[in-house]
Each structure stands twice: as structure tokens, then as C-alpha cells.
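Have the viewer open and follow along.

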Amino acid sequence: MLVSAGSWEGQRPKVISTWRNTLANAAAWEILQAGGYALDAVEAGARVPEANPDDMSVGYGGLPDRDGFVTLDASIMDEKSNCGSVAFVQGYKHVISVARRVMEKTPHVMLVGKGAEQFAAAQGFRREKLLTPQAEKAWREWLKKSEYKPYHRPGQHDTIGILALDSKGCICGACTTSGMAFKMHGRVGDSPIIGAGLYVDGEVGAATATGVGEEMIRIAGSHTVVELMRQGYSPQLACEEAVKRVIRKRGEEKAKSLGVAFIAMNLSGQTGAYSTTNDFEYTVSAPGILHEVFKSSSYF
Ligand code: SD4
């Protein structure tokens, strides 16, 4: 694992994703290195953990809510600020692709719950059971104490947020998750909320988030990171300022137990990552540095 940026900074094409998402980066990279479009790259990347039953934070195999339902959230955004999102969706694992269809095939940005499921069915997506035996077992174990602590631990909540800059200079992003494990039924986090869990501005750059979504929503986190970059902050300093803003609002004591992390990339291909806690990792792919995992710097 590498700990700091190297000579690959500022190159393109480039992909950055939250956590140890090497296979997702590889899928995105395949498209980018063939000269493909960043939007196709982030969608392809996000679909990898969505299909992986061992990833218990995204798509198929995601941990359910406290009532035992797997409910998914996702969003996608392109360099022209077109965006689509779905929230509180049950029975469809590739919600990132449903979100892209919302963006491309409807006059809307966001569809939720039954309406989103109806739309997915009409678009030909296959309905399937998403609760795996492994996730059900974890839920039954949780039910014994039914203690809800919205803190994210490595390996337990690794929502994927993925940003790509293609060889033509287009920047796009995607974010997909099963949300906080054992959340209240109906709870929606930051991931499908444009500006909170994901934001892209083709003139500036992009940012995405992972962790306790309520905190990102409160400060419109990903939008904040992009606006700071617009004002001249580097992606790294922009991520740091957004995390510190959460900490200032919550106070250090409370913030210690809140996992909140941002990653960002600007149009020059410079990247940044920062977290409240010291367990956050992110994955970068660029010419000469394929799907490398980095440890993020952190406040605590
Ligand atoms: C949420 N931000 O639903 C997501 C959860 C997450 O890593 O990122 N977990 O609040």
C-alpha cells in the first residue's frame, strides 16, 4: 500500500474510487485506456461491487435495514451536470445503471422506492432477491441487541464513489451503496443526493463521499468540495476543509465516532482524499499506476 501521491499526479486518464475497490477501478480503466468515455467508465466500475455478494455495502449482498430489507441508493453525474439518481430501491442490484437511465431517459433527476422499481422494470432490468445468506446471518446477529451505531468500520461499509477523467478531459462520477447497515426502513443517505454523496462540474472537477451520510447531507459535502476547488483549493485541501467543516459542526468528541471521508479530482487529474478516521483507503488508476490502494490522511 502506498501512502502518498507520486509522479502519476496530474496525468490522464485517471480513476479514483473510495476504499479498496481495485476490481472496480480495473473495469473503469479498461474503458478509459481504450479511449472511452468517463461516464461509461464510472458506471462499469460501480457495477463491479454491485454484483459482488461478498461486498456487504453495495448491491447484491448488501446488509439490510433493521427490518431485513436490502434497499439501495445510487447516483451518477456527467461533465455537463446531467445527473440521475435512485433511492430506496429494492430488488434491483445494478442501481447505478437505473440511475443512468433516469438521467438519460426521463426529464427527472431522482426516482425513489416503488416508482424507481417500476421504472427499472419498464427499462428491462431483472428483479432479483438481494439478501444473501451471509447478509441475513449478519442481520439476525444484529437483531439480538438491535444496537444502531452509525459508525463505519473498514470492510463493513465500503460504499463505492468513483470518479473518472478520460483522455478527452471529460470528468464524471458515480456512487452506489446499500447505505448504513441496519438503518431505519426508508432511510436514505447521501449517496443518491446530488451535491451530498456526489458532485461533478465539468469546468472544475468532481468529488464523492463515504461514511455517515447524514453528515455529508448537512454540509452538502461533495458540492462543497467542488466549490472549494473552483475557488482555487487543491483537491486535497478541499477534501480536508469539508471534513473539518463536519468536525466543527459536530464537535471533536462526537465527530471521532463518525466516519466521514471525501475523495476528489480536478480537471488536471490531481486527486485528494481525507477522512475523519484513520481507516480510510482509496484506489487510484493512472498510466503506470494501476489500481493502487492508498491510505488516506485523516483528522483523528
Ligand atoms: C450512507 N454514505 O448511506 C453511505 C454509507 C457509506 O461506507 O458510505 N458507507 O450514508
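This is a predicted model: local features need pLDDT of at least 70, side-chain atom pairs count only at pLDDT 80 or more; totals for chains, interfaces and linings use all residues.

Strands here are DSSP runs of E with at least two residues, helices are runs of H or I with at least four residues, and both are numbered from the N terminus. Two strands count as paired if DSSP finds at least two bridges between them.

Zooming out, β8 and β9 belong to an open sheet of five strands with mixed pairing, in the order β7-β8-β9-β10-β13. The edges are taken by β7 (198–201) and β13 (297–298), each with a single partner strand, so one side of each has no neighbour in the sheet.

## What kind of model this is

Residues are numbered from 1 along each chain as its sequence is written, and side-chain values use heavy atoms, with hydrogens and water left out.

## The chain as a whole

The chain has nine helices and 13 strands. Its radius of gyration is 17 Å, close to the 19 Å from the globule rule for 300 residues, so the chain is as compact as a globular protein of that length. (The radius is taken over C-alpha atoms, and the rule is 2.2 Å times the number of residues to the power 0.38.) Along its principal axes, the C-alpha trace spans about 50 × 45 × 35 Å.

Of the 300 residues, 58% count as buried, meaning under 20% relative accessible area; exposed is over 50% and partly exposed is in between, using a 1.4 Å probe and protein chains only. Among contacts with a separation of 6 or more, 68% come from residues 24 or more positions apart, where contact means heavy atoms within 4.5 Å. The accessible surface comes to about 11,700 Å², and 51% of that belongs to carbon and sulfur atoms; the areas are Shrake-Rupley values with a 1.4 Å probe.

On charge, there are 33 positive and 33 negative side chains, with the centres of the two sets 4 Å apart. Lys and Arg count as positive, Asp and Glu as negative, and His and the chain ends are not counted. Each charge is placed at NZ of Lys, CZ of Arg, CG of Asp or CD of Glu.

## β5 and its two partners

Which way do the residues of β5 point? I160, I162 and A164 go one way and G161, L163 and L165 the other, and all are buried. For strand β5 (residues 160–165), that makes six of six residues buried.

On one side, I16 stands opposite L163, in a β1 to β5 pairing that is antiparallel and has four bridges. In β6, the bridge partner of L163 is G173, and β5 and β6 run antiparallel with six bridges. The hairpin of β5 and β6 has five residues between the strands, and G169 takes a positive phi near 95° there.

## A covered helix and a buried serine

Helix α3 (residues 95–105) is mostly covered, with eight of its 11 residues buried. Those eight are V95, I96, S97, V98, A99, R100, V102 and M103. Their cover includes α2 (38–51), β2, β3, β4 (110–112), α4 (113–122) and β6 (171–177).

S178 lies in the loop between β6 and β7 and is buried at 1% relative accessibility. Setting aside neighbours within four places in sequence, S178 is in contact with M56, S57, V58, G62, L63, T71, L72 and K183.

The peptide bond from R12 to P13 is cis, with omega near 5°, and P13 sits in the segment before β1 (14–18).

Two non-glycine residues with positive phi are also worth a look. W19, in the loop between β1 and α1 (22–33), has phi of about 65° and is buried with a relative accessible area of 4%. S81, in the loop between β2 (72–77) and β3 (83–89), has phi near 65°, but S81 is partly exposed at 34%.
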